[in-house]
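Reader: I would like to learn how to read charged pairs and nonpolar cores in a model such as this one. Could we go through them one at a time?

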Amino acid sequence: LDTTKQSFLEFQSVPKAAVDRTELKRVLDLALIKMDQKPKDKSMPAATDVPAFFRKFRAQSVYARVCHQCVKILEKLKEYTEAVKILEKLLVSGRCSAYRGRWWNRLVLDSSRHLGEHKKAYLYALEGLRDPSVKTGDRIELQDRALRLWNRKDLAAELSKSDVQKRPVPIEILQLQKESQKRWGMVEIEGNPTSSETGRKSNFFHWSNDLGSVETLALEYYASEENGAWKGMHCENGLFHMMFGLLLADALFMDVPHAFQTKFQDAPLDLPTSEFYKKRKDFIDKRLHTLEEADNVKLLSIVESLYDKFKGTRVRGVRWDRWEKSEVMTLSQCIGGKALATVCECFAKNYVYWSGGLPDLFLWNEEKKVCKLVEVKGPNDRLSNQQKAWLYRLCETFNVEILKVRKTSSAKRRKAEGRK
């Protein structure tokens, strides 16, 4: 495949009318048949006998992903009725569990917004929320859709008494969100962006009149004496990937059947699946409990011994050239064992879902041995569902804050320019 930028842009700009609908239908019909077709080779093991991390390479799973791509094309062509039919078949197939959250959300969206079938969409949302494969950000998005549909006045008339009894008990969901929001702080500061174009990352003029990112502006704010004199870094997921890889390196390299196929792997093949935690549950739970109960002296001992033991080993998420032992030990003390256990538990149980979306800034005070996580948002930014999922979870053990940068008013901007 030609992966040059120009060819990609040309491909993206192909008009919808240029799509060969006959060919699309042929591919889709073939994929739907093959997706449910049993292997002709009787010697092949059943899907349930194959490790979960190998199943995505089976023909049925590949054809399911082909159908997934066809759904996206159908939606672009505004053929939502056909897209809904395919999504229903995909969900019934039981293939590609990691995609199920996306499929439920697209099914609800297409049924409600594009086809106007609000009652059907609401019932889809309820069924999706009962699906154990729908996790974190996908689940939050589905909850939001269910609540918005429930609050529609025209839906109440459509719902029969039996349907009303299937209400997803949204009060608990709302209560969880309200309680979580009370635990994290909200801060607003002003900034002068170079661009206000939606979807484009803006640079800001800082107090020193230098030009930089919104995250650098936020770091300057927290570094000031009146705002805590925090040390800080813009690291997003990097720091906690390092901590997870280091603190659970023993679990990552445990001898589990089929998990390592070559000596060049930096993580087991089952890490992106639920099998990773299930196969190592006893060891991981013991390590997490040790971290939760550890005081600063014990925590430093654990971190130091693991750093010395695995230094130089290729471990997923660990960059030995970026993180010195002294720095890792200092930051570990500021985070604390209980908070580290929270993040490691998320990664261990669902690495794919939790490996992104962590707050932008990590702030720490070495003397007080405390830290703060900050999600920074520019004037036109908003939280993604994945970021919401992390904030709800992190606020249990971390000091979490959202910093919103709003545009400096025109009057203030003119006054500042006049002083120059």
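Reader: Does Asp-110 count as buried or exposed, and at what relative accessibility?

Author: Please keep in mind that this is a predicted model. Asp-110 counts as buried because its relative accessibility is 0%, and the cut-off for that term is under 20%. Arg-106, by contrast, counts as partly exposed, at 32% relative accessibility.

Reader: With which residue does Asp-110 form a salt bridge?

Author: The general idea is that side chains of opposite charge can pair when their charged atoms come close. Here Asp-110 forms a salt bridge with Arg-106, with 4.0 Å between the closest N and O atoms, and both residues belong to helix 6 (residues 100-114), where they sit 4 residues apart, about one turn of the helix.

Reader: Where do Lys-281 and Asp-285 lie?

Author: Both are in helix 16 (residues 281-293), again with a spacing of 4 residues, about one turn, and their side chains meet in a salt bridge of 2.8 Å, N to O. Lys-281 is partly exposed at 39% relative accessibility, and Asp-285 is partly exposed at 27%.

Reader: Which residues have the most contacts inside the largest nonpolar core?

Author: That core has 62 residues, and those with the most contacts inside it are Phe-240, Phe-244, Ile-335, Phe-347, Phe-362 and Phe-398. Its largest share, 8 residues, comes from helix 19 (residues 337-349). Apart from this core lies another, of 35 residues, including Val-71 and Leu-107.

Note on methods: Residues numbered from 1 in each chain as written. Predicted model: local features only at pLDDT ≥ 70, side-chain atom pairs only at ≥ 80, totals over all residues. Heavy atoms only, no water. Core = buried A, V, L, I, M, F, W, Y, C linked by side-chain atoms within 4.5 Å. Buried < 20%, exposed > 50% of the residue type's maximum accessible area, 1.4 Å probe, protein only. Helix = DSSP H or I, 4+ residues; strand = E, 2+ residues; numbered from the N terminus.
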